[in-house]
Number of protein chains: 2
Amino acid sequence: MLDTVALSPDIDVLMNDIGRKAKAAARPLGFASTDAKNRALHAMADAIVANSAHILDENAKDLKDIEGSETLASFVDRLTLNDKRIAEMAEGIRAIAALADPVGEIIAAWDRPNGLKIERVRTPLGVIGVIFESRPNVTADAGALCLKAGNAVILRCGSDSRRSSQAIHACLVDGLKAAGLPEHAIQLVPVTDRAAVGAMLRGLDGAIDVIVPRGGKSLVARVQSEARVPVFAHLEGLCHIYVDASADIEMAKKIVVNAKMRRTGICGAAETLLVDGAAIGTHLTPLLEVLTEAGCEIRGSATVLKVAPGVKSATEEDWTTEYLDSIISVAVVDGISGAIAHIQKYSSNHTEAVIAEDPAVVERFFTEVDSAILLHNASTQFADGGEFGMGAEIGIATGKMHARGPVGVEQLTSFKYRVRGAGQIRP
Amino acid sequence: MLDTVALSPDIDVLMNDIGRKAKAAARPLGFASTDAKNRALHAMADAIVANSAHILDENAKDLKDIEGSETLASFVDRLTLNDKRIAEMAEGIRAIAALADPVGEIIAAWDRPNGLKIERVRTPLGVIGVIFESRPNVTADAGALCLKAGNAVILRCGSDSRRSSQAIHACLVDGLKAAGLPEHAIQLVPVTDRAAVGAMLRGLDGAIDVIVPRGGKSLVARVQSEARVPVFAHLEGLCHIYVDASADIEMAKKIVVNAKMRRTGICGAAETLLVDGAAIGTHLTPLLEVLTEAGCEIRGSATVLKVAPGVKSATEEDWTTEYLDSIISVAVVDGISGAIAHIQKYSSNHTEAVIAEDPAVVERFFTEVDSAILLHNASTQFADGGEFGMGAEIGIATGKMHARGPVGVEQLTSFKYRVRGAGQIRP
């Protein structure tokens, strides 16, 4: 790869070469044994622990580069590694090793009257392209998750985290070599030119099967609009929580505060609270109180303002804003029908919750709302692969094709049909 | 819709209006009852039978238009309707009514240690765009199949079959109305301008979730290269059949002749025969003999020509040609490894068969070949949704995303997660 860089500065040539190597690596990886993949993963974790001093040195250089620039504290936090985070990265890889291998799993099997035995069996997708921003640990997470599902992966990190990502990537390659797996199974794009992203979005001459963007809204929006290959992503998590008049108010208070305030910056955080118009006296006031006590700013619809005159008025923009902050928009709706209409108009199809004791309300919500994750009497912050029991996830998808909701190892696979006969010919 | 045509000749305006109406229809259709969908399907079949004279009249006009032009007999045959074909069309719709409704089916369910109950449940995909050529019966097949899976569909027929398709489409709309389902659930594009196809391939402003092309290679190629939305299709079925030295020769003879000659024009017809180099004496000669007796032209590799000097020599182009005719290319390969290498180089990832008694050979074939359908000791012509027991199919897909192999009602669905709690908040 270094030769290619030296011989040709053309990004497309470099990138297509990476694509070819990934495709070549994907083939043997597709039927590599579970044992070999797990040995590679443990060797990666070992290498990360053994090389933690080097990783931290490289991370310090990355951090030094942004020193003095007008950088958000949250950005610096995402970029920063320390001993604890390195240990967690290694443990994360070992946890992926502990997951069941999805490849080869028989998803369905049936016999035909003519004696043919049909099986649908999981296979890897092939080559995954992961485009991420500042978090260097995505290098390890995404690399390990794709490997477990038998896929080759092409990682493209943000320029700010390039040294950290390179140091981590070197450990992953050590692990692949230790287990005798193809070293191009996990490649890190060696240039941070934006044109490299464009080349990946065009699919590297058919080499990339799916793109996973890991980053903020502007990155995801670019990927979704430019990609010529399928994308697993959500643009935003504009999650709603509807409190019905039949809801247990004590349960509703606990869930609403948790859904909004536990962590405000994650995609499963609630952004809009919808309260049943039949429950203004019983439910709306106590919910506004607990949110305010928890330090949350409220932006209310006209009816909310009548009940709580001190509250700021919500504009149309508030219903479409993913705050990712201690702010919530609150509307009074005409029962479950009003809640469904509001969600259909404004939802990003990520996650929505209904708090209700009336089973008819729950069933209508579960039937008519078509977001990836629907919850009854539970916090929207459960929208997470780990919380679903899927192990690690590479992200959450809101598209309708192939993967939806948390994208874990199973969702990174395709399938094929195996048909066993005894000489059958078609009449 | 006619008003829109009258007011604006702009195809994009017309098509986006069709897209909006499809999306609006898809919402209530997504949770329409199984009973309502089945009533609509039976009413459609009834309407087709009741209106068969009108459908045949319109079909006669379509056929008259192409009279005298240099049209292939096979093209005329595909366009022609008669009483038998109309009866089959109606029966096909009733067979789709008889299939299980995939929408609402719980695909997976599990409980979490914190008491959350998670279900993955099938939902419709949304809006399907079907682009087809001369066969008017696709109007009925595709319309009925999409409806059963709860999807709205936008049908775009070829110009040659437009009157026949319109007459059939009117019957489908009658059926929708009879069951109280939205009439825009099945729309037929009222213009045959090629720009209408372009608009569909761009997704009609986000309205179309997936495109299904039904037609020849040039249509599928255009759709695959231009589509900005996912496509369920195969470009070609370049199917291989490998006969191992361990194969029962009598079984191999029957299967090879059936795979090639039963119907040569379908995508599951075998195009290349690969014979184990260890079986030249025992297997190659008899296989060449039965193929020749069955009227098949043979194009052989150098080794084949040594054994059968009269045979025509295969060129590089033969290994990449889907003949869809009574011609087969034949190569001698170095056992299962050679067969896998040949298939990986030339396959269209549609369907491949292995004829062998050695289980190790079968397992390597099943593991290392990544085509949508792999068969052992059975004919490649079983590559069909009906033969798989899936009921009707809208086509066969060779992509790795979402749908692969026969695309029936189940494959025309997505899913969502329903999570039931009892007040759980995330720690």
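Okay, let's start at one end of chain A, where strand 1 (residues 106-111) and strand 2 pair antiparallel through five bridges. Strands here are DSSP runs of E with at least two residues, helices are runs of H or I with at least four, and both are numbered from the N terminus; two strands count as paired if DSSP finds at least two bridges between them. Within that pair, I106(A) sits opposite V121(A) of strand 2. The two strands make a hairpin with five residues between them, and G115(A) has a positive phi near 95°.

Quick housekeeping: this is a predicted model, where local features need pLDDT of at least 70 and side-chain atom pairs count only at pLDDT 80 or more, while totals for chains, interfaces and linings use all residues. Residues are numbered from 1 along each chain as its sequence is written, chains are lettered from A and ligands numbered from 1 in the order in which they are written, and side-chain values use heavy atoms, with hydrogens and water left out.

So where does that hairpin lead? Into an open sheet of ten strands with mixed pairing, ordered 1(A)-2(A)-16(A)-13(B)-12(B)-7(B)-8(B)-11(B)-9(B)-10(B). Strand 1 of chain A and strand 10 (312-313) of chain B are at the edges, each with a single partner strand, so one side of each has no neighbour in the sheet. At the chain B end, strand 9 (residues 297-300) and strand 10 run parallel, joined by two bridges, and G300(B) stands opposite S313(B).

Now the crossing point. Strand 16 of chain A runs parallel to strand 13 (residues 373-378) of chain B, with five bridges joining them. R420(A) has H376(B) as its bridge partner there. R420(A) also forms a salt bridge with E363(B), the closest N and O atoms being 3.1 Å apart. The rule for that is a side-chain nitrogen of Lys or Arg within 4 Å of a carboxyl oxygen of Asp or Glu, and across the interface of chains A and B it finds seven.

Which elements supply the chain A side? Those giving at least two residues each include strand 2 (117-124), helix 10 (217-226), helix 11 (249-261) and strand 16 (413-424). Strand 16 gives the most, with eleven residues. By class, that side divides into 33 nonpolar, 21 polar and 20 charged residues; Ala, Val, Leu, Ile, Met, Phe, Trp, Tyr, Cys and Pro count as nonpolar, Asp, Glu, Lys and Arg as charged, and the others, Gly among them, as polar.

Overall, 74 residues of chain A are in contact (heavy atoms within 4.5 Å) with 73 residues of chain B. The chains bury about 6,100 Å² between them, 51% of it on carbon and sulfur atoms; that's accessible area, with a 1.4 Å probe, lost on putting the two together and summed over both. M401(A), Y417(A) and R426(A) supply 14% of the area chain A buries against chain B, more than any other three residues.

A 180° rotation with 0.0 Å of shift along its axis superposes chain A on chain B, RMSD 0.1 Å, by least squares on C-alpha atoms of residues with pLDDT of at least 70 in both copies. The two copies are thus related as by a two-fold rotation axis. In chain A, the C-alpha nearest that axis belongs to H402(A), at 2.0 Å. And 99% of chain A's interface residues are also interface residues in chain B, so the copies meet through the same surface.
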